Structure formats: C-alpha cells, structure tokens
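User: Pick one part of this model and take me through it slowly, residue by residue. I'd like the picture built up in one go, with the cut-offs spelled out as you use them.

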Amino acid sequence: MNEFFQMLKKDHVEQKGIIGQLTETKEAKKREELFKKLREELVPHMKAEESIFYPPLLAKKEAREDAMEGVEEHHVSDLVLKELETMPKGEDQWGAKMAVFKELVEHHIKDEESKVFKSAAKALNPDELQTIMKKFDQEKQKIKKSLH
Ligand SMILES: [Fe+2]
C-alpha cells in the first residue's frame, strides 16, 4: 500500500484506540483527559485532510463522489465533536453522544480506507501522492502546535 495511505491508517488506529477507551469510562475526569487527547489527534488529522488531501480529489472526476462524501462526514463529525467539547463530561447524555460519535468516525474511517484511498490511487499518481503526503504531514504538525 502507498506510504501516504499507510500514514493515514496509522492515525486511524490511534484515533479508534482513544475513542474505544472513551466509550468505556463514565468518569468525568477520565473522559476529559481522553477527550483532550482525542481532539489533539483528530483535529489536526481531519483539518489537514480537508485542506491538503480532499481538494485534489474533488478536482478529479474519478474521485469526486467519494471525496464529497468524505467531506460531509468530516462536517458532521466536526459538529458532534464541538457538542462533545462543550457538554459536561459527567452526564449520561455525553456518553450517548460519544457512542454515536464512535459510530460516525468508524464509518468514516471505513469509507476512507475502502473507497477514498482506492479512488485517490486511481486519480493521482505516486509522485502526486508523495507531494500530498509531505504537505499533509507539515500541515498536521502545524495545526497540532497551534492547539497548545
Ligand atoms: Fe477523514
């Protein structure tokens, strides 16, 4: 598999791990701690995908439909993430919302890994993917730093 897709997959594994831990605890303090960790992983990854990875896909006929769906999934995930951020972490509703968020993110990851990566491999050549990978990583690190 292309190096860039492997990089994204590695992020996905990390994200799913933290989300899994988050759905297993009801303790507010633990939730806060894990949620902070999740945001630090998820936000830079998603924003960098939106600004670096998705635009070249949206511009190609063979990848556009899958990419558009990916962008919409990011949008919905972002809305729920913002609600999770502001809502008190000790409430039952937070746990319920987190469970829905888990489904959203897992569905999105599955779509990306099964559909978007395939379309991207068709639409972009290895050199283009290499350039996108470098830019993606730089952008992700930049956003990560700006969160602190
Ligand atoms: Fe994504």
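Let's start with D111, which is found in helix 4 (helices here are DSSP runs of H or I, at least four residues, numbered from the N terminus). Keep in mind that this is a predicted model, where local features need pLDDT of at least 70 and side-chain atom pairs count only at pLDDT 80 or more, while totals for chains, interfaces and linings use all residues. Residues are numbered from 1 along each chain as its sequence is written, and side-chain values use heavy atoms, leaving out hydrogens and water.

D111 counts as buried because its relative accessibility is 11% (buried is under 20% relative accessible area, exposed is over 50%, and partly exposed is in between, with a 1.4 Å probe and protein chains only). Skipping residues up to four places away in sequence, D111 touches E69, E73 and V116 (contact means heavy atoms within 4.5 Å). Along the chain, D111 and D92 are 19 residues apart, and their C-alpha atoms are separated by 29 Å.

On to helix 3, residues 61-86. Its 26 residues reach 39 Å from first C-alpha to last, close to the 38 Å expected (1.5 Å times one less than the number of residues). Helix 3 also bends by about 25° at A67 (the angle between axes fitted to the seven residues ending there and the seven starting there). Its buried residues are A63, A67, G70, E73, H74, S77, V80, L81 and L84. Helix 2 and helix 4 are among what covers them. As a rule, an α-helix has 3.6 residues a turn, so residues three or four places apart point the same way.

Beyond its neighbours within four places in sequence, S77 is in contact with M46, F101 and L104. Now hop to T86, also in helix 3. T86 is exposed, because 68% of its area is accessible in relative terms. The T86 side chain reaches the backbone oxygen of E83 at 3.3 Å.

Then there's H74, another helix 3 residue, which counts as buried because its relative accessible area is 1%. The H74 side chain makes a polar contact with the side chain of E50 at 2.8 Å (a pair of N or O atoms within 3.5 Å, one able to donate a hydrogen and the other to accept it; residues adjacent in sequence count only if both atoms are side-chain atoms). Outside four places in sequence, the contacts of H74 are M46, E49, E50, Y54, H108 and E112.

That brings us to the metal. E49 (OE), H74 (NE2), H108 (NE2) and E112 (OE) coordinate the iron ion at 2.1 to 2.2 Å (donors are N, O and S atoms within 2.8 Å of the metal, or 3.2 Å for Na, K and Ca; water is not among the atoms, so sites may look incomplete). The donor spacing in sequence reads E-x24-H-x33-H-x3-E. Distant parts of the chain are linked here: E49 is in helix 2 (residues 28-58) and H108 in helix 4 (residues 92-123), 59 residues apart. E49 is buried because its relative accessibility is 0%, and H108 is buried too, at 6%.

Notes
Helix = DSSP H or I, 4+ residues; strand = E, 2+ residues; numbered from the N terminus.
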